[in-house]
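Here is a friendly walk through the aromatic rings, the charges and the chain contact of one model. Have the sequence and the structure open as you read.

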Amino acid sequence: MNKDWFLSQEAFDALLKWLDSDREQAAMKYEEIRKRLIKIFTGRACSEAEDLADETINRVISKLNELGPEFEGDRGRYFFGVANKVYLEFKRRKSPQPPQFTPPDPNQIELEFRCMERCIETLSEGNRYLLLQYYGAEGSTKVEQRKRLAEELGIAPNALRIRAFRIRVCLQDCMEKCIKDGLG
Amino acid sequence: MNRSGPLSGDRQLNLDTDAEVLRSYLLGTLEAESRAELEEGILCDPAAYDELLLLEEELIDQYLAGGLSEAERQQFETHFLVTAERQNKLRFGQLLERYMSSQKVPALSANVPVPQFNQTLTSGRSSSLLGFAVIAVALMGISLLTWVAVRRPVEQPAIQHDQSRLVVVQLAPSSVETKGVTVPPRGSVKLELAVANASFKNYKSELFRENKPLQTDALRMETNGAHQIVPLTITGETLSPGDYQVKLSGISESGQDEFIDNYSFRVNK
C-alpha cells in the first residue's frame with residue numbers, strides 16, 4: 001500500500017457504499033467486520049490487533065476503485081484475504097512478543113471493586129438474581145445449579161448462558177464508565 | 001446446544017462439536033489449516049463469532065477457577081492474554097470472583113413468594129375456613145383469568161400501525177449482542193424474527209421484560225427476500241426503556257408448542 005495514502009471521508013463513504021446501499025446497514029456491517037478482524041488478529045497473538053484491523057480496512061478502501069461496484073464475491077472473504085497479507089507482513093517485521101503485564105495499583109483495584117459493587121446494584125432485581133445464581137455457584141455444583149436455574153427461568157441452557165453473558169457485558173461497560181469517572 | 005451456522009460457505013459450524021476447536025483456537029493450539037477455516041467463519045458467520053465471545057469469557061472463568069490443565073494454563077498466559085483488552089477481561093473476572101465470594105447466593109426461587117395456605121387453613125375457626133375457601137376460589141378465578149389473558153396467543157391484527165412511526169428491527173436468534181431500539185412517540189416496533197426452521201405454519205411469541213411475561217401473540221411466517229421471518233409488531237405503549245426477550249415457538253399440527261429460539265432487544269431511553 002502506498003505509504004502516502006490516507007483515509008479521507010470520501011474514501012470511507014465509498015467503503016460504506018460498497019458494503020451496503022443503505023448507509024445505516026453499511027455502518028453496522030463496517031463495525032461488525034472491524035470487530036471480527038480484531039478478534040482474528042488477537043487469535044493470532046498480535047498485540048496490536050486493532051491497528052492491524054484498521055490497516056486491513058484501509059487497504060480494502062484503497063482497492064475499491066479496482067474492485068468497483070460490480071464486485072460479486074463475498075465481502076467478508078475479501079477482507080479475510082487482505083487480513084492474511086497484512087498479518088504476514090506484520091510477522092515478517094515483528095516476532096511475537098509475550099504479553100506485557102503491569103501489576104495493578106492496589107488503590108486502583110479497590111476503586112474497581114467499588115465500581116463493581118455499585119454497578120451490580122444498578123442491575124434490575126431479575127438480572128442481579130441471575131448473575132448471583134449463574135456465577136455464584138462453585139466447583140462441581142456449578143453445572144447442576146445452572147441447569148436448575150435454566151429450568152426455573154423456563155429457558156434453554158444455552159439461552160441462559162447468553163443471558164448471563166449479556167449481563168456481564170453490561171456490567172463491564174458500566175464499570176468502564178465508573179472507573180473513568182472515578183466513581184462519579 | 002443445537003445451533004448451527006454456515007462456516008466458510010461449504011460446511012456448517014456445529015457448535016456442539018466445534019466448541020473444542022474454538023477453545024483450541026483461543027489457546028493458540030489449533031493447526032494452521034483449521035485455524036484459517038475457523039477464522040473465515042468468524043468473519044462470515046454470526047454464530048461462530050458469538051460462540052467465540054462466549055467461550056472467551058468462559059475460558060477466563062475456568063482459568064481463575066483453576067480448571068485448566070498445566071499446558072492450557074501456559075497457553076492461556078502466553079497466548080490468550082496477548083492484548084490489553086483480554087487482560088482487562090481477566091481483571092474483571094477476578095473482581096467478579098471476589099464479589100461472588102463475598103455474597104451469599106440466594107436459594108433458587110428465593111424471590112418467588114410461596115403462599116402459606118396450610119398455615120391459614122389450620123389456624124382459625126370453621127367460619128374462617130368458609131371465608132378462606134370463598135377467597136381462595138375468587139383468587140384462583142382471578143389468577144386463571146390473568147393467566148389466560150397473558151398466555152392466550154392473540155392473532156396479530158392486520159397492520160394498523162402508522163407506517164411513518166413504525167420502526168423495523170431485524171433480530172437474529174440467540175445473538176449475544178442486543179440491538180437497541182428507539183421507539184418514536186406514539187409509534188410501534190416491528191420485529192422481524194429470523195427463523196431457519198420454516199416447518200411450521202403458525203407460530204407463537206411470548207414477550208418478556210427482564211423475565212416478566214408481557215404478552216403472547218399468534219404469528220405467521222413471511223418471506224423477506226431470501227430470508228424467512230416471523231414479524232411481530234408491538235405498540236410503543238408496551239415498551240418502556242429496558243431489556244426485552246421474545247421466546248418464539250412453532251405450533252405443530254396437533255396444536256403443541258415447540259420452542260424454536262430466543263431473541264433479545266433493548267428499548268433505549
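Predicted model: local features only at pLDDT ≥ 70, side-chain atom pairs only at ≥ 80, totals over all residues.

## Charges over rings

A charge sits over a ring if NZ of Lys or CZ of Arg is within 6 Å of the ring centre and within 35 degrees of the ring normal. In chain A, the ring of A:Y134 has the charged end of A:R146 over it, 3.8 Å from the ring centre.

Residues are numbered from 1 along each chain as its sequence is written, chains are lettered from A and ligands numbered from 1 in the order in which they are written, and side-chain values use heavy atoms, with hydrogens and water left out.

## Aromatic pairs

Rings of Phe, Tyr and Trp (its six-membered ring) pair if their centres lie within 6.5 Å; planes under 30 degrees apart count as stacked, over 60 as edge-to-face and the rest as tilted. Over all chains, there are nine aromatic pairs. One of them is A:W18 with A:Y78, edge-to-face at 6.1 Å centre to centre and 75 degrees between the planes. Because A:W18 lies in helix α1 (residues 9–19) of chain A and A:Y78 in helix α5 (residues 75–93) of chain A, this pair ties together parts that are 60 residues apart in sequence; helices here are DSSP runs of H or I, at least four residues, numbered from the N terminus.

A:W18 is buried, with a relative accessible area of 7%, whereas A:Y78 is partly exposed at 22%. (Buried means under 20% relative accessible area, exposed over 50%, partly exposed in between, with a 1.4 Å probe and protein chains only.) Together with A:F79, these two residues form one aromatic cluster.

## Where the chains meet

Contact means heavy atoms within 4.5 Å, and 66 residues from chain A and 67 residues from chain B take part. Ten salt bridges are counted between chain A and chain B (a side-chain nitrogen of Lys or Arg within 4 Å of a carboxyl oxygen of Asp or Glu). A:E110 forms a salt bridge with B:R98, with the closest N and O atoms 3.1 Å apart.

Note on methods: Helix = DSSP H or I, 4+ residues; strand = E, 2+ residues; numbered from the N terminus.
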